[in-house]
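I am opening a new page for this structure. My plan is to look up a few features and note each one briefly.

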Amino acid sequence: MAVTEARFGRVAVLCGGPGVEREVSLESGEAIARSLREAGVDARKIVIAGEPAEIARLECDRVFVAIHGEFGEDGTLQRLLEARGLAYTGSPAAACALAMDKDASKKRLREAGLPTADWVV
């Protein structure tokens, strides 16, 4: 199926954030937004600092998450987007939070019977 603006609606490419990976996120966000626009998607790069109010003001149909580390990968942003009912790229909030907690992640892997190396907290 061809990519069309109508198919995806307005896409907000969120980048920036409060973490130490902000500069990489800004570059990622620019590249993603440009690529989506070239493919015919109505995409806009939105630079945010990581404040909940910024998410409340978003005017879009779906979100492409390009924020790295804190706020963008720890479940915080995902919880805010889920509360707004906005579709977004990536894992759900609970999975993001678990993945950022390495001790809890490794315990969950072991509980599921998956092999993982021993670790120290």
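Entry 1, cysteines. I count a disulfide when two cysteine sulfur atoms lie within 2.5 Å of each other. Such a bond is covalent and joins the sulfur atoms of two cysteines. I am working on a predicted model. How many disulfides does the structure hold? I find zero. I then checked C60, which is in no disulfide. Its nearest cysteine sulfur belongs to C15 and is 13 Å away. Is C60 buried or exposed? C60 counts as buried, because its relative accessibility is 9% and the cut-off for buried is under 20%. C96 is in no disulfide either. For C96, the nearest cysteine sulfur is that of C60, 17 Å away. C96 is buried too, with a relative accessible area of 9%.

I looked up which residues of α4 (76-84) are buried. They are L77, Q78 and L81. Where do they sit around the helix? Seen down the axis of α4, they fall within an arc of 95°, so they line one face of the helix. An α-helix has 3.6 residues a turn, so residues three or four places apart point the same way. Next I asked what these buried residues pack against. I noted β1 (10-16), α3 (52-56), β3, β4 (87-88) and α5 (93-100). Just after α4 comes G85, with a positive phi of about 75°.

The largest nonpolar core has 14 residues. Which of them touch the most other members? I wrote down L14, I55, L58, V63, L77 and L81. β1, β3 and α4 are the elements that give two or more residues to this core.

I left aside the neighbours of I55 within four places in sequence. What remains in contact with I55 is L14, I48, F71, L77, L80, L81 and R84. Two of these names, L77 and L81, were already in my list of buried α4 residues.

F71 lies in the loop between β3 (62-65) and α4. Its phi is near 80°, a positive value in a residue other than glycine. Is F71 buried or exposed? F71 counts as buried, because its relative accessibility is 5%.

Note on methods:
Residues are numbered from 1 along each chain as its sequence is written. This is a predicted model: local features need pLDDT of at least 70, side-chain atom pairs count only at pLDDT 80 or more; totals for chains, interfaces and linings use all residues. Side-chain values use heavy atoms; hydrogens and water are left out. Helices (H or I, at least four residues) and strands (E, at least two) are DSSP runs, numbered from the N terminus. Buried means under 20% relative accessible area, exposed over 50%, partly exposed in between (1.4 Å probe, protein chains only). The arc is that of the directions from the helix axis to the C-beta atoms. Contact means heavy atoms within 4.5 Å. A nonpolar core is a set of buried Ala, Val, Leu, Ile, Met, Phe, Trp, Tyr and Cys residues joined through side-chain atoms within 4.5 Å.
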